[in-house]
Amino acid sequence: YVAYYQTNGTLSWTRLISGNASVKSVAVNDSGYVFATGYFSGPVDFDTQSASGNLTSSTGSNDIFMAKFNPNGGLIWVYKFGSSNGDEGHDICIDQNGNVVMTGIFNTLVDFDPSPGGTFNLTTPQSTTNGYVAKYDENGNFIFAFKMPGTIANKVKTDLNNNVIVNGTLHGFGNFNTSGS
């Protein structure tokens, strides 16, 4: 779920996600739009009032989601990214230009470009967990993604110059050189 509270503790809205989903992180932009990431498996519904929020994960495991809600809690869009192995969104933030930066883990092959006909695949050897960073504009349009082999990317922030700072856990030997990702 995602719950939005006013400064005095009064609940403004709640967005329940039906199905097996875990919201791991939320961020709010200057206009009050809420962005969320996490993971899900099987069929889930991000908008129980319409069919636009229905997603089904890849066979057998978790997939990443990224969602945008308006200031009143209405679903604007939701995208999934995943393979047949476990993929997760761990954290999300908004940079100084209003772009959305997301991090987590992925396995095998994941297309991080949600646009129709767009493709930006990151790959790993079979059943190998790798951290990733992916960046989108406020409308969910793909900007970039890169992998960090041998890592679990837990948190992401940006500085005043929109540089990306990531922390996490080494999962074997970490490779932080993103050239060629």
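The model is predicted, so local features need pLDDT of at least 70 and side-chain atom pairs count only at pLDDT 80 or more, while totals for chains, interfaces and linings use all residues. Residues are numbered from 1 along each chain as its sequence is written, and side-chain values use heavy atoms, with hydrogens and water left out. Four strands form the open sheet, and the structure holds three salt bridges.

**The sheet**

- The strand order is β8-β9-β12-β13, with antiparallel pairing; strands (E, at least two residues) are DSSP runs numbered from the N terminus, and two of them pair if DSSP finds at least two bridges between them.
- β8 (88-94) and β13 (142-149) are the edge strands, each with a single partner, so one side of each has no neighbour in the sheet.
- On average, neighbouring strands of this sheet are turned by 20° against each other, direction ignored; the axes behind such angles are lines fitted to C-alpha atoms, and angles run from 0 to 180 degrees between N-to-C directions.

**Strand pairs**

- Six bridges join β8 to strand β9 (residues 100-107) in the antiparallel sense.
- Cysteine 93 has valine 101, in β9, as its bridge partner.
- Seven bridges join strand β12 (residues 129-136) to β13, again in the antiparallel sense.
- Phenylalanine 142 in β13 stands opposite tyrosine 136.
- The hairpin of β12 and β13 has five residues between the strands, and glycine 140 there takes a positive phi near 85°.

**Salt bridges**

- A salt bridge here is a side-chain nitrogen of Lys or Arg within 4 Å of a carboxyl oxygen of Asp or Glu.
- Arginine 15 and aspartate 47 form one of them, at 3.8 Å from N to O.
- Arginine 15 belongs to strand β2 (residues 11-15) and aspartate 47 to the loop between β4 (34-45) and β5 (54-56), so this pair ties together parts 32 residues apart in sequence.
- Aspartate 91 and lysine 157 meet at 3.9 Å, N to O.
- This pair links strand β8, which holds aspartate 91, with strand β14 (residues 151-158), which holds lysine 157; the two residues are 66 residues apart.
- Aspartate 95 and lysine 135 meet at 3.1 Å, N to O.
- Aspartate 95 is in the loop between β8 and β9 and lysine 135 is in strand β12, so the pair ties together parts 40 residues apart in sequence.

**Burial of the charged residues**

- Buried means under 20% relative accessible area, exposed over 50%, and partly exposed in between (1.4 Å probe, protein chains only).
- Arginine 15 and aspartate 47 are both buried, as are aspartate 95 and lysine 135.
- Aspartate 91 is buried, at 3% relative accessible area, whereas lysine 157 is partly exposed, at 48%.
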